[in-house]
Amino acid sequence: MNTTSTPTLEHSLPDASGPYVRPMEAADFDAVLEINQGALEGVGPLDHDSLASLVAMADDALVLDDDGAIGGFVITLPKGVDYDSSRYRWFEDRLEEYVYLDRIVVASTHRRQGVASRLNEAIEGDLPIGLEIYETNEGSLAFHATRGYREVGRLEHEGKVNLMMLRTS
């Protein structure tokens, strides 16, 4: 995991103090799919096959484990993978080095509890992080602005305007 960047935060280890971040496992897929499908206003749909494919090419595929319940997940992709996404290709065509944040999604039961911040901290490293956000996703835009992401372009995809965002160290 995380072969293209050096994380600033090691993955958490389980302890008595609460939720922790760990690598996603196949046993998590049902919960991850349920969380993803409940957030389609901000992310694309997934099924078991597409999730397995995404995780196989991922730089990081992490979940926040809250006593066995998945509170959220994040998937990043390194440069140079065969990912059929116009948003990923947008960054491929423009950046020499980066990590693509494909999706970060928090379960409705865990929103406003710092889950997205913990997952984002777990993927932050030395390389720039690129992502896209639908221009109508005000919550995600506000969250990523506080984390230092800035708009570097726009891309229309399937009738939606995607703001192309970049965070550099």
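Predicted model: local features only at pLDDT ≥ 70, side-chain atom pairs only at ≥ 80, totals over all residues.

**Entry 1: a buried ring.** I started with phenylalanine 91, which counts as buried because its relative accessibility is 0%.

What is the partner ring like? Phenylalanine 91 pairs with tyrosine 100: the ring centres are 5.9 Å apart and the planes meet at 50 degrees, so I wrote the pair down as tilted. Tyrosine 100 is buried too, with a relative accessible area of 1%.

**Entry 2: other rings.** How many aromatic pairs does a search of the whole structure find? It finds six. One of them joins tyrosine 83 and tyrosine 88, edge-to-face, at 5.7 Å centre to centre with 70 degrees between the planes. Both of these tyrosines are buried.

Then I looked up the grouping. Tyr83, Tyr88, Trp90, Phe91, Tyr98 and Tyr100 make up one aromatic cluster. I also came across a charge over a ring: lysine 160 lies over the face of tyrosine 134, 4.3 Å from the ring centre.

**Entry 3: stepping back.** Time for the overall layout. I get five helices and seven strands for the protein. Read from the N terminus, the order is β-α-α-β-β-α-β-α-β-α-β-β.

The protein has 169 residues, and 51% of them are buried. Its accessible surface is about 8,600 Å², with 47% of that belonging to carbon and sulfur atoms. I checked contacts as well: among those between residues at least 6 apart in sequence, 62% join residues at least 24 apart.

**Entry 4: helix 1.** Helix 1 covers residues 29-37, and its buried residues are Phe29, Val32, Leu33, Ile35 and Asn36. Why do I put them on the same side of the helix? Their arc around the axis is only 165 degrees, which is what places them there. A reminder to myself: an α-helix has 3.6 residues a turn, so residues three or four places apart point the same way.

On the other side of helix 1 I found Asp30 and Glu34 exposed. What do the buried residues pack against? They pack against helix 2 (48-57), strand 2 (60-66), strand 3 (69-78) and strand 4 (99-106).

**Entry 5: strand 3 and its neighbours.** Strand 3 came up in that list, so to speak, and I followed it next. Nine of the ten residues in strand 3 are buried, which leaves the strand mostly covered.

Strand 2 pairs with strand 3 in the antiparallel sense, over seven bridges. Aspartate 66 stands opposite alanine 69 of strand 3. The hairpin of these two strands has two residues between them, and in that hairpin aspartate 67 takes a positive phi near 55 degrees.

Strand 4 also pairs with strand 3, again antiparallel and over seven bridges. There I found glycine 72 opposite valine 106 of strand 4.

**Entry 6: helix 5.** In helix 5, I listed Ser140, Leu141, Phe143 and His144 as buried. They sit on the same side of helix 5, since they cover an arc of only 165 degrees around the axis. Glu138, Gly139 and Thr146 are exposed, on the face turned away from the buried side.

What covers the buried residues of helix 5? The cover includes strand 4, helix 4 (115-123), strand 5 (129-134) and strand 7 (160-167).

Entry 7: Last stop was the loop between helix 5 (138-146) and strand 6 (150-157), where arginine 147 has its place. Is arginine 147 buried or exposed? Its relative accessibility is 18%, so it counts as buried. Leaving out residues up to four places away in sequence, arginine 147 touches Ser117, Asn120, Glu121, Glu124 and Arg167.

Which residues does tyrosine 149 touch, not counting residues up to four places away in sequence? I wrote down Leu101, Asn120, Ile129, Leu131, His144, Met165, Leu166 and Arg167. Asn120 and Arg167 are on the contact list of arginine 147 too.

Key: Residues numbered from 1 in each chain as written. Heavy atoms only, no water. Helix = DSSP H or I, 4+ residues; strand = E, 2+ residues; numbered from the N terminus. Buried < 20%, exposed > 50% of the residue type's maximum accessible area, 1.4 Å probe, protein only. Contact = heavy atoms within 4.5 Å. Areas by Shrake-Rupley, 256 points an atom, 1.4 Å probe, with all protein chains shown as cover. Arc of directions from axis to C-beta. Phe/Tyr/Trp six-rings, centres within 6.5 Å; stacked < 30°, edge-to-face > 60°. Lys NZ or Arg CZ within 6 Å of the ring centre and 35° of its normal. Pairing = 2+ DSSP bridges.
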